[in-house]
Structures are given as C-alpha cells and as structure tokens.
Amino acid sequence: MSEIEASVASSAGRDRTVGVRPCVLIAANPYSGHGPTQKRVAALATALQGHELEPRVIWDRGERAALLARPDLAETCRCVVAAGGAGTVADVINELATSV
C-alpha cells in the first residue's frame, strides 16, 4: 500500500469536518508540460494548505487508477483535481468509481 493510499485508508470513516482537514486529491500527469506542470501542482498544493485543505498529489498512473476506483473516495476527499492535459482529464473521469 502506498503512502497516499495508507493516508486515505486511515482517514476512512472519520468525519471530515471534525478535526480533520478536508482532502483534495490532485491526479497529476508528470509528462504533461514537464517542469511547468510540476511547478503548478506544487503551487496549487501550497494554496490549498493555506485554505485549511489537505492536498494529496498522485503522480503515478496505476496508483491514481486504484485510488480513484475506490467507492469510499467521496468519504475521504472533498474533490479531485486533474492536473494535465485532455488525456489526464479523460482518464480521471473514466477511473472514478461509479458511486462517486
């Protein structure tokens, strides 16, 4: 289990509004725009932290697909952000569990 999956799993079942910072999952494509994408994702993560949100960045495609397919994702994350091009957006939409 990856560090991110462990983090999401450990927060499953907890109320997001009581002492837990709401999660924002950032599904990022490391090959989209190369350096600019990584800088933008870092800036987004910093901005989210400034708004009392907990960003979780996933760069690995397989890890992203497994995490997005989890039916309990909506219980642990407030939203999912696709950071990449049209292909990344399409992948994220198609990988989301139908219950989300």
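These legends go with several close-up views of a predicted model.

**View A. Three strands line up as an open sheet.** The order here is β2-β1-β3, and the pairing is parallel. At the edges sit β2 and β3 (77–83), each of them pairing on one side only. From one strand to the next, the twist averages 20 degrees. Zoom in on β1 (residues 23–28) and β2, and you'll find them paired in the parallel sense over 5 bridges. For a landmark along that pairing, look for V24, which stands opposite P55 in β2.

**View B. Helix α5 lies across β1 and β3.** This helix covers residues 86–95. Relative to β3, helix α5 runs at about 150 degrees.

**View C. A disulfide joins C23 to C77.** The structure holds 1 disulfide, and this is the pair to look at, with an S to S distance of 2.4 Å. C23 lies in strand β1 and C77 in strand β3, so the pair ties together parts that are 54 residues apart in sequence. The torsion about the S-S bond is about 60 degrees, so we're looking at a right-handed disulfide. Both C23 and C77 are buried.

**View D. C79 stays out of the bonding.** Its closest cysteine sulfur belongs to C23, but at 8.1 Å that is too far for a bond. C79 is partly exposed, since its relative accessible area comes to 35%. Even so, C79 does turn up on the list of residues that C23 touches. Leaving aside residues up to four places away in sequence, that list reads E54, R56, T76, C77, R78 and C79.

**View E. The largest nonpolar core brings together 9 residues.** The members are C23, L25, A27, I58, L67, L68, L73, C77 and V92. Both β1 and α3 (61–68) supply at least two residues each, and β1 gives the most, with 3. Look out for C23 and C77 in this view: the two cysteines of the disulfide are both members of this core. There is also a second, separate core of 7 residues, and V41, L48, L53 and A83 are among them.

**View F. R56 is a buried arginine in strand β2.** The strand covers residues 54–58. With a relative accessibility of 6%, R56 falls under the 20% cut-off, so it counts as buried. What does its side chain do there? A polar contact of 2.9 Å joins the side chains of R56 and E54. Both R56 and E54 are also among the residues touched by C23, the cysteine that is bonded to C77.

**View G. E52 has a positive phi without being a glycine.** The phi angle is near 60 degrees. To find E52, go to the loop between α2 (35–50) and β2. Is E52 buried or exposed? E52 is exposed, because its relative accessible area of 52% is over the 50% cut-off.

Conventions. Residues numbered from 1 in each chain as written. Predicted model: local features only at pLDDT ≥ 70, side-chain atom pairs only at ≥ 80, totals over all residues. Heavy atoms only, no water. Helix = DSSP H or I, 4+ residues; strand = E, 2+ residues; numbered from the N terminus. Buried < 20%, exposed > 50% of the residue type's maximum accessible area, 1.4 Å probe, protein only. Polar contact = N/O pair within 3.5 Å; in protein donor to acceptor, adjacent residues only side chain to side chain. Pairing = 2+ DSSP bridges. Axes fitted to C-alpha atoms, helices over the stretch in contact; angles between N-to-C directions. Contact = heavy atoms within 4.5 Å. Disulfide = S-S within 2.5 Å. Core = buried A, V, L, I, M, F, W, Y, C linked by side-chain atoms within 4.5 Å.
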